[in-house]
Amino acid sequence: MRPVVVVYMPVLHRGYLDFFRKYEHAVDEICILGRELIAEFPELAKDIRAIDPYEAVLALKSLLLYPQRLAVLNHVRISELQRDRVAIIMPEDDVSRALAETHFAGQEIRYDRVFLRWERTRSL
């Protein structure tokens, strides 16, 4: 199975850069959650820091060694990943776990215990 990173990235900071650089040589694609998927999480709509996923991809293209591997994840791309039976790599957080349950059930999921953003279950 070919590996693909899937991540919600509201802001760009050193933790995300380190996470992407850790995997960019080993994966076929790095997918940033797009607006239609972010909309499935009403609590994320309140995050005024969040940048547009397309802007995030544009910024990352100038910072990573393999910019052609970056994409914005939407429902069409999810269907393609489900069909291709890829191995999904995600940070272990609430959004990733929910996304895995709703969109990637039955697929191989690998969680990375990296801390990229605050979430209640890891902060209390």
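Hello everyone, and a quick word on ground rules before the tour. The model is predicted, so local features need pLDDT of at least 70 and side-chain atom pairs count only at pLDDT 80 or more, while totals for chains, interfaces and linings use all residues. Residues are numbered from 1 along each chain as its sequence is written, and side-chain values use heavy atoms, with hydrogens and water left out.

Let's start with the sheet. Five strands make an open sheet, in the order S3-S2-S1-S4-S5, with parallel pairing. Strands here are DSSP runs (E, at least two residues), helices are runs of H or I with at least four residues, and both are numbered from the N terminus. Two strands pair if DSSP finds at least two bridges between them. In general, strands of a sheet pair through backbone hydrogen bonds, either parallel or antiparallel.

Which strands sit at the edges? They are S3 and S5 (109–112), each pairing on one side only. From one strand to the next, the twist averages 30°. Helix H1, residues 14–23, packs on this sheet and touches S1, S2, S4 and S5, and its direction makes about 170° with that of S1. Such angles run from 0 to 180 degrees between N-to-C directions, and the axes are lines fitted to C-alpha atoms, for helices over the stretch in contact.

Now let's walk across the pairs. S2 and S3 are joined by four bridges, and Ile30 has Leu70 as its bridge partner in S3. Three bridges join S1 to S4, where Val5 stands opposite Ile89. Four bridges join S4 to S5, with Met90 opposite Tyr111.

Please look at S4 for a moment. Five of its five residues are buried, so S4 is largely enclosed by the rest of the structure. Buried means under 20% relative accessible area, exposed means over 50%, and partly exposed is in between (1.4 Å probe, protein chains only). Ala87, Ile89 and Pro91 point one way from S4, and Ile88 and Met90 the other way.

Leaving aside neighbours within four places in sequence, Arg110 is in contact (heavy atoms within 4.5 Å) with Pro3, Ala87, Ile88, Ile89 and Met90.

Next, the cores. A nonpolar core is a set of buried Ala, Val, Leu, Ile, Met, Phe, Trp, Tyr and Cys residues joined through side-chain atoms within 4.5 Å. The largest has 20 residues, and Val6, Leu33, Leu73 and Leu99 touch the most other members. Helix H5 gives the most to this core, with three residues. There is also a second, separate core of 19 residues, which includes Phe20, Ile32, Ala56 and Leu116. Back in S3, Leu73 points the same way as Ala71, while Leu70 and Val72 point the other way, and all are buried. Beyond its neighbours within four places in sequence, Leu73 has contacts that include Val6, Leu37, Ile78 and Leu99.

Finally, the rings. The whole structure holds three aromatic pairs, and Tyr16, Phe19, Phe20 and Tyr23 form one aromatic cluster. Rings of Phe, Tyr and Trp (its six-membered ring) pair if their centres lie within 6.5 Å; planes under 30 degrees apart count as stacked, over 60 as edge-to-face and the rest as tilted. Elsewhere, Arg69 lies over the face of Tyr66, at 4.3 Å from the ring centre. The rule there is NZ of Lys or CZ of Arg within 6 Å of the ring centre and within 35 degrees of the ring normal.
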